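I opened this model to look up a few local features. My notes are below, in the order I checked them.

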Amino acid sequence: MNKPAATPHRCVVCGSGDADTIWSVARTPMHAVRPAGMADIASGFGNLDVAACSGCGHLFNLAFDTEAADELYGALVLTNEPVSPGMIAAVDETAALIMRHLKPSPAVLEVGGGGGALSLALARRSARVDLVEPSRALQPERFVGTGVTLHRAMFPITALAGRRFDAVVCRQVIEHVPDPAPFLTALRASLADDGTAYLEMPSADDILLRHSIVDFHYPHVHYYRRAEMELLLARAGFAVAEVFDIKQGHDMGFLLRAAEPLAREARASSYISPAAFAAALAKRRVRGAQRLAAIDGPIALYGANAYAQALLGLYQENTPFAAVFDDTAAYAGRCVYGPAGEITIEPPRAERFAGMAAIVVAAYLHDAEIARKIAAMGFHGPVYTLRAPGPDAPGLIVSLFDP
Ligand SMILES: [Zn+2]
């Protein structure tokens with residue numbers, strides 16, 4: 001503790017150059033999913049060295065390799081496609097929420113739309129959408145005749161320079177951006193004076209509350225608390241109109257209007273104790289290892305996502321996970337991987353469940369829905385969730401980290 005940052009990073013919130021490490025993982029997968037049998041099996045790992053800024057408590061990965069960002073976001077495989085009724089309904093709700101604040105037939109810019117599900121939902125509600133997304137896995141044919149114009153590139157792009165939109169939408173992106181200030185300024189420059197912006201991201205307040213260790217994974221550079229994000233938004237010239245708790249507080253959504261940028265001097269500062277937080281996280285890590293070790297027989301993961309990615313980086317060297325199930329049809333022939341090798345992703349099947357001693361639900365934000373599905377498919381062994389036990393209410397499913 002109290003050691004200076006290993007690399008000369010400046011805190012993006014307060015500018016301090018000092019930080020205390022609170023969480024580290026030596027070899028964590030950079031990608032949640034990748035093609036199976038890649039030639040260079042040893043590549044594709046990074047370090048987690050998540051630190052709390054000494055000046056303001058902001059959490060960020062000191063070991064994030066900014067040079068590797070292009071490889072990371074040019075992504076080999078599209079992830080986070082909505083695959084369950086719950087996920088599809090959530091995309092529709094977000095589209096409806098955004099459209100409620102717009103005039104008829106608005107011009108919308110979506111930055112970092114993944115597979116484009118939200119852009120398509122907005123276009124169905126008669127928005128004209130420009131989607132900027134760098135993933136090379138995205139198929140332009142998907143958008144033909146939909147009202148969505150795809151720009152397969154990293155934002156900002158010259159083709160849209162000077163264009164102002166009625167709405168600017170950016171979900172689950174800002175936590176991946178090493179330097180958020182110029183990015184937010186570019187978003188603000190794309191917004192009409194009477195426009196509305198919607199930004200969504202994971203909440204570090206939730207991680208601090210629950211000590212959720214699987215929420216630390218390589219693609220996230222920054223972990224923002226609400227007050228920190230409000231400050232960055234104000235500096236970029238956004239006024240907060242409304243804030244939404246999403247997925248029971250796991251994520252936060254900001255509805256924003258154009259405003260005059262706030263001077264750089266203002267600071268967010270709220271105390272966290274890095275030593276106490278680090279100790280609580282370490283306890284979770286040990287508890288997860290103990291529970292996995294107590295399972296007598298093959299263990300399957302359900303959900304080939306960022307939380308499975310984090311789990312493999314933490315435990316795969318000691319826990320030989322036997323299978324990974326996922327509902328995403330496009331994951332056929334893809335794998336997850338960790339320090340001990342890769343595991344091919346399979347669609348969930350009752351015959352395969354039958355051979356498992358336990359199933360761990362990695363897609364923990366949808367754990368209740370998935371647990372019902374697993375039970376309906378005839379698996380009656382233990383099912384664990386990666387959801388960290390919260391201070392509010394006990395979960396429906398036993399947490400792998402339950403003390
Ligand atoms: Zn700071």
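**Ground rules.** The model is predicted; I took local features only at pLDDT of at least 70 and side-chain atom pairs only at pLDDT 80 or more, while totals for chains, interfaces and linings use all residues. Residues are numbered from 1 along each chain as its sequence is written, and side-chain values use heavy atoms, with hydrogens and water left out.

**Zinc site.** I looked up the ligands of the zinc ion. They are the SG atoms of C11, C14, C53 and C56, at 2.3 to 2.4 Å. I took as donors N, O and S atoms within 2.8 Å of the metal (3.2 Å for Na, K and Ca); water is not among the atoms, so sites may look incomplete. Along the chain the donors follow C-x2-C-x38-C-x2-C. Their angles run from 96 to 117 degrees, so the arrangement is tetrahedral (four donors with all angles between 85 and 135 degrees). Next I checked burial. C11 is buried at 3% relative accessibility, and C14 is buried at 9%. Buried means under 20% relative accessible area, exposed over 50%, and partly exposed in between, with a 1.4 Å probe and protein chains only.

**Aromatic pairs.** I counted rings of Phe, Tyr and Trp (its six-membered ring) as paired if their centres lie within 6.5 Å; planes under 30 degrees apart are stacked, over 60 edge-to-face, the rest tilted. That rule gives 10 aromatic pairs. Y198 and F244 make a tilted one, 6.5 Å between centres and 55 degrees between planes. This pair links distant parts of the chain: Y198 is in strand β9 (residues 191-202), F244 in strand β11 (residues 238-246), 46 residues apart. Helices (H or I, at least four residues) and strands (E, at least two) are DSSP runs, numbered from the N terminus. Y198 is buried at 3%; F244 is buried at 17%. F216 and Y223 pair edge-to-face, with 5.0 Å between centres and 70 degrees between planes. Both F216 and Y223 are buried. I also found one aromatic cluster, formed by Y302, F325, F353 and F379.

**Charges over rings.** I required NZ of Lys or CZ of Arg within 6 Å of the ring centre and within 35 degrees of the ring normal. R27 lies over the face of F45, 4.0 Å from the ring centre. R285 lies over the face of W23, at 4.5 Å.

**Helix α2.** How many residues does helix α2 have, and what should they span? It has 16 (residues 85-100), and at 1.5 Å a residue they should span 22 Å; the end C-alpha atoms are 22 Å apart, which agrees. The expected span is 1.5 Å times one less than the number of residues. V91, T94, A95, L97, I98 and M99 are buried in α2. The buried residues of α2 pack against α3 (117-124), β8 (165-171), β9, β11 and β12 (251-258). Contact means heavy atoms within 4.5 Å.

**L233.** This residue sits in helix α6 (residues 226-236). L233 is buried, at 0%. Leaving out residues up to four places away in sequence, L233 touches L184, L199, F238, F254 and L256.

**Backbone.** The F155 to P156 peptide bond is cis, with omega near -5 degrees. P156 is in the loop between β7 (148-151) and β8. S126 is not a glycine, yet has a positive phi of about 70 degrees. S126 is partly exposed at 43%. K247 has phi near 50 degrees and lies in the loop between β11 and β12.

Conventions: Four donors count as tetrahedral if all angles lie between 85 and 135 degrees; four count as square planar and six as octahedral if opposite donors are over 155 degrees apart and all others between 65 and 115; anything else is irregular.
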